[in-house]
Amino acid sequence: MDALCARFGKDLPCPTHFVHLPALPVVNAKFKAFDEARFQKDWEIQVHSAVKLCKAVLPAMSKAKFGRVLFIQTSYTIGCPPKNTAAYVMNKSAIGGLVKSLAVEYARFGITVNCVAPSMMETHFLKDTPDLIVQAAAADNPMGRNATPEDVAPAMAFLLSEEARFITGVTLPVTGGSAIV
């Protein structure tokens, strides 16, 4: 990642749009079994990579007076999170704090910084999640199902578009009504 970041503005053009997606799958574990090593690994993957990449692209976006930055958060940070998800919720909450801070700092440069916060989404991310948990989430959702990438991608496209030029610092729930702000 350091090598990639060093290339922006040199032999790679700086992106005008930046989407940050990485995260480790949720591990449902009681806090008394908190795995600090895994938490640190997820911190590196989610939060530290976001900081490094933003430090690499935001200066050039500022100079260009344009940029769209989008993060994937989670509906778990809206309202009451599910039990036994402390590590995941802490990392995603840190992303939310970063988004708010960057939105305020970079708005004057024409850069928007936002999040989408999907509810449980049917992707390979759930491959190690017990079926019972996936099915329960679908049953609890007002729409009677979990989100799909096809549900989330249009919200992402909107926040990255010119039509969203005056929207910054928001976390847009894409939850089928399971998390409402």
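Start with the sheet: select strands E1, E2, E3 and E4, which in this predicted model form an open sheet in the order E1-E2-E3-E4 with parallel pairing. E1 and E4 are the edge strands, each with a single partner, so one side of each has no neighbour in the sheet. On average, neighbouring strands are turned by 20° against each other, direction ignored.

Zoom in on E3 and E4, which pair in the parallel sense over four bridges. Select Ala117 to find one of the partners: its bridge partner in E4 is Pro173.

Next, show helices H2 and H3. H2 lies across E1, E2 and E3 and runs at about 175° to E1. H3 lies across E2 and E3, at about 155° to E3.

Now display the side chains of the largest nonpolar core, which has 24 residues; Leu58, Val69, Phe71, Ile111 and Val113 touch the most other members. The elements giving two or more residues to this core are H2 (36–64), E2 (67–72), H3 (86–106) and E3 (111–118). H2 gives the most, with eight residues. Centre on Leu58: beyond its neighbours within four places in sequence, Leu58 is in contact with Val69, Leu102, Tyr106 and Ile111.

A second, separate core has 11 residues, among them Ile72, Ala155, Leu160 and Val174.

Finish with helix H5, residues 149–160, which reaches 16 Å from its first C-alpha to its last. Which residues of H5 are buried? Select Val152, Ala155, Met156, Leu159 and Leu160. They cover an arc of only 135° around the axis, so they lie on the same side of H5. These buried residues pack against E1 (17–20), E2, E3 and E4 (171–174).

Terms used. Residues are numbered from 1 along each chain as its sequence is written. This is a predicted model: local features need pLDDT of at least 70, side-chain atom pairs count only at pLDDT 80 or more; totals for chains, interfaces and linings use all residues. Side-chain values use heavy atoms; hydrogens and water are left out. A nonpolar core is a set of buried Ala, Val, Leu, Ile, Met, Phe, Trp, Tyr and Cys residues joined through side-chain atoms within 4.5 Å. Buried means under 20% relative accessible area, exposed over 50%, partly exposed in between (1.4 Å probe, protein chains only). Contact means heavy atoms within 4.5 Å. The expected span of a helix is 1.5 Å times one less than its number of residues. The arc is that of the directions from the helix axis to the C-beta atoms. Two strands pair if DSSP finds at least two bridges between them. Axes are lines fitted to C-alpha atoms, for helices over the stretch in contact, and angles run from 0 to 180 degrees between N-to-C directions.
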